[in-house]
Amino acid sequence: MAQDTYTEFATTGVGKKLTKALGLPQPAKLRRYRPGAPLIHGPVVLIGSTEASDALARHLLSWGLDVRRHVGPKEQVAAVVAMFDAVSTPADLSETVLAVGGLLKQLKSCARVVTVFRDPAQSQLPAERAARKGVEGLTRSLAHEMRAGGTANGVMLDAGVDVAAPSAAGALRFLLSGRSAFVSGQFITVGSDHGMLPTDWEAPLQGQTAVVTGAARGIGAAIARTLHRDGAQVILVDVPAAGEQLAEVTNEVGGTALQLDITRDDAGERILQHAQQYYGRLDIVVHNAGITRDKLLANMDAARWDSVIAVNIESQLRMNRALLDSELFSRPEGRVGPRIVSLASTSGIAGNRGQSNYAASKAGVIGMVAASSAELQARHGTINAVAPGFIETEMTAKMPFATREVARRLNSLSQGGRPEDVAETVAYLASPAAAGTSGMTLRVCGQNLVGA
Amino acid sequence: MAATPRDAVIIGGNRIPFARAHGAYANASNQDMLTSALKGLVARFGLQGEQLGAVAAGAVLKHSKNFNLVRESALGTPLDPRTPAYDVQMACATGTEAIGSLANKIKLGQVDSAIGGGVDSISDAPIVVSDALRAILMEATRAKSTGQRLRALAKIRPGHLAPRAPGTGEPRTGLSMGEHMAITADKWGITRQEQDELAVASHRNLAAAYQDGFFDDLISPFNGLSADNNMRADSSLEKLTKLSPVFGKDLGANATMTAANSTPLTDGASAVLLGSEEWADAHDLPKLANFVDYEHSAVDFVDGAEGLLMAPTYAAARMLQRNGLTFEDFEYFEIHEAFASTVLAQMKAWESEDFCRTTLGLDRPLGSIDRSRLNVNGSSLAAGHPFAATGGRIVATLAKLLHGKPGKLGFISVCAAGGQGITAIIEGR
Amino acid sequence: MNDPIPIPLPKLGRLYRKAALNAVRSRLSSGGSLKALPDRPLLTEHPGITEEQAEQYRLLLEGEPFDGTHRQALPSVLLHIAGFPVQMALLSRSDFPLPLVGMVHLSNQVTHHHPVPARTPVQILARVENFAPHRRGTQVDLVLEMYPAGIDIQQTGSADLLYTSTSCYLGLGTYLYAKTESTSGPREEFTPPQKTGLWTLGADVGRRYASISGDFNPLHLSGLAGKALGQKGAIVHGMYLAARMLEGREPEGAGHRWSISFEAPVTLPGKVAFCAAPGVNKTQHFVGWNPRTGRRHFTGELNIP
């Protein structure tokens, strides 16, 4: 992985002064999740006195947080949760927004602002929809304004979903925690009251079995490690040629290795067979395996185009069919069913020069996830995509220095993410606490300036 | 078949791709390779932290520093360090012997789980000093004074310093294995054509098995190699016919053995996981096949009374008799291709009325082996033959072939240096 | 038998120096007439082959995989080596009519009656007999007999005989009898059989065998000396070939008989193709030949009880 020497330097005392004086980006050392560490250090201010906010406050208190309605003018604040769930016209935004604004200068580093509101698309009332849509806009802008590793994101609730629903709490906790270090300017939708909160927040995947494809290295290996850390038993899949590294990662996480070319017709069946044999269950499938074969479209050949489509999206469609047709992957346990998390890319959202094939496949993933959601939700399951932005991997380490340096800084956090950041989001979406979130694509990009 | 207290189940296997000597694994040691094969096996079956009954493997060519090769290798894996491990050595039969003896331990209830296998490296073969130099060095070591030591060391002559590499020659005859086989091939009238055909079939079968993904869960890559690099998918009779004989050249026109119908020197390692039925079930592991029985034999080859590599013909006769089986009872045959002519001579012997009656003491010939059941996924001619690693390759391949065919039997024959041989029976489940 | 002449165990080095002188002298004196033949055997006491010697022999023959160190009885060729200085003493006596330098070993016949372990003192009796004309000179048999130490060999005779060998030598170019042109028949046609072994002999085999046996005949030591003496290079000791032939085949309990006849010498370094074939009555037949030219180096036989 390429070392981000600039961030290392800029976070030292001298470096901080120097980069500030020069007007250079000031990447902060991000607060990342560590088992055993507190969820968040310092007061969490809850703004907006709706009835729902009381329910949410109870959750926050149960997590041992220092929840406040008000803080003194000098007090440092770790997070602000702003309730917009009851806005019916844009004028309603003002009070809460200004209250949030008043706290911004008191935010600690790596602070969190989370807005809670209802899905604009579900309102047919122009004023209400305008107000809800307004929350999106202000949240995104705020994300750009956040400093010192702070992020701003939103939790967007469906009409029928209670603010206190498990997945709303799950989303809020994820956004407050270090797990979402590289997620900013994003919205997590909660579409149902499916899901349940874990008894042990440090092992939310306890007792569950997960498959990760492309697990031999990079983001896939990080996902396997994170799922394992969160308590899951992991089946690590990669092509036979990557078997040596696959074995290393597998042995590290105490999982089982399955050498498999996912473009095989029977890849889904083989995964199911393996899961049945070794674990007797399959709860989580992470479609991480992917390849790039970059070329300007003018120079694109069939081999480059077809292989990327075959690996990055066709294989997933075929495997999902097999998975969803199986008994093993279909049975819901209580209010939680099977979960699929698929790796998309910001290239799939914004496009990227030389990546028409890759972008097509990744946009395809986004489409597939949205279209498959109903089928998964019907069995209390979920399917979501995660779209990484610039992540420091072996792959990006091969980029030319200047390109890499620019790509790193082109986001609100002024740095590249780590494979673990993607993995944390995958693990969150795979957790029972996110069972109410499905069909969406969540970006892990530090609010990349490119794209939406 | 003979009733045993309980079944010894073959759960699966793992090997690293076999590499032609002085190639991809030139800088890898036996321990590196065996450790990698074991790590892959542990990963495949989720054995991290597991305390197994035993790990038994070996190497034919071994450094003296590797006196505890298998234990050291096992310690380099995530297996519970309290898993005992030991070295086994029976020339090319090492792997099969390790697996067979572990299967016996499982049947007897001495262990519940085990890994058997083997490794060999030509590229990292031990080079030793001459006996004379060794004697002088030992004398110097024993010396009680500096003077004595210097007097001992003063005996060293330049000629003593030439290192000795181990050869593949038989110590008692000075003949290489190939030369021995050439004599046997000539005796049994094995033709060049049939040897070349067998070699081509081996390459094609192996390539097809790779293509089918058969080895996806039997091999894990090592040192950048993900498939046996001796394999030539485009091997053809036309190409092979052009080669000149390399063994038995003093046979003149009857010299039939070429580089292509003989196994090249190869580096590699393999491992097979075995367990009792209960252990496999308790660990949610697959049960591919049972290791039913095995048999050794040795022949008096020194003065040419029997061919060096013909011992398995004797073992097969005894083993089949003991189990009340004939060749018709077998679904698949895995006959180690030390040389194409080895397989052909063994098969010819089993077909021979005279040999089976007079030499093996049977009432009738064992009969012919259906070629469509022989080495169906390739064998040593294509894959290569890192001596001690071949047994693990064969057992895992055959067990997978028989998986899902309960009660179907597989036959294994492996010849070994020193006029020895080993045969085994595997039963699908 | 005439009374043997008791002598101390001869020192080979001294004998070789004497042989060099004799070579000059005999050339001066032997005008092709048969002088009186030596008729008294030599008798000496030998302290026994040391374990060190046995070990060196084992290393030379690469016999490690054959005998290990467990074998108690010494191989026949080591007993021959024990007797060799006595033979040499006999050959270098002033009354021996053939010059030592230029003696060619033609054949050897051995009966190894009883096992002899290392460090067993023995009495060695050496005599010559059967002088006979040969196409290329004069041949003679050198007989070695070994008895246990401490017994009176005049009294006990053959009952206590441990080992007896008859080595036939040719005194090349010394004609004690009238030259006979017709004694050599046409050369026997030799078709090599299927080999059962292949010996690879290094350049140092002559020197190594010499250091164990004490037979420092320069013919075996260096290519230059070999060429000077009319060979293509250094040639291997005949008894080395006998040792290789017998390695791993001699019974621990002895009682075996063996013989070897030498033909074309083996030039060093070189390869010898070898065939051991079973015969009737526990007799094995051996033949060694040049795998390249097909020329026969030796034939041999071993009969075990």
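Predicted model: local features only at pLDDT ≥ 70, side-chain atom pairs only at ≥ 80, totals over all residues.
Local features need pLDDT of at least 70 and side-chain atom pairs count only at pLDDT 80 or more, while totals for chains, interfaces and linings use all residues. Residues are numbered from 1 along each chain as its sequence is written, chains are lettered from A in the order in which they are written, and side-chain values use heavy atoms, with hydrogens and water left out.

**View 1. Helices α7 and α11 of chain B pack at about 115°.** Their axes, lines fitted to C-alpha atoms over the stretch in contact, lie 9 Å apart. That makes α7(B) roughly perpendicular to α11(B) (65 to 115 degrees). B:Glu194, B:Gln195 and B:Leu198 of α7(B) touch residues of α11(B) including B:Val343 and B:Lys348, where contact means heavy atoms within 4.5 Å.

**View 2. A salt bridge joins A:Lys133 and A:Glu136.** Such a bridge is a side-chain nitrogen of Lys or Arg within 4 Å of a carboxyl oxygen of Asp or Glu; here N to O is 3.1 Å. Both residues sit in helix α5 of chain A, three residues apart. A:Lys133 is partly exposed at 47% relative accessible area, whereas A:Glu136 is buried at 9% (buried is under 20%, exposed over 50%, partly exposed in between, with a 1.4 Å probe and protein chains only).

**View 3. C:Lys195 forms a salt bridge with B:Glu179.** The closest N and O atoms are 3.3 Å apart. This pair crosses between chains, reaching helix α6 of chain B from a loop of chain C.

**View 4. A network of salt bridges links A:Arg179, A:Arg229, A:Asp230 and A:Glu424.** Over all chains, the structure holds 46 salt bridges.

Terms used
Axes fitted to C-alpha atoms, helices over the stretch in contact; angles between N-to-C directions. Helix = DSSP H or I, 4+ residues; strand = E, 2+ residues; numbered from the N terminus. Parallel < 35°, antiparallel > 145°, perpendicular 65-115°, else oblique.
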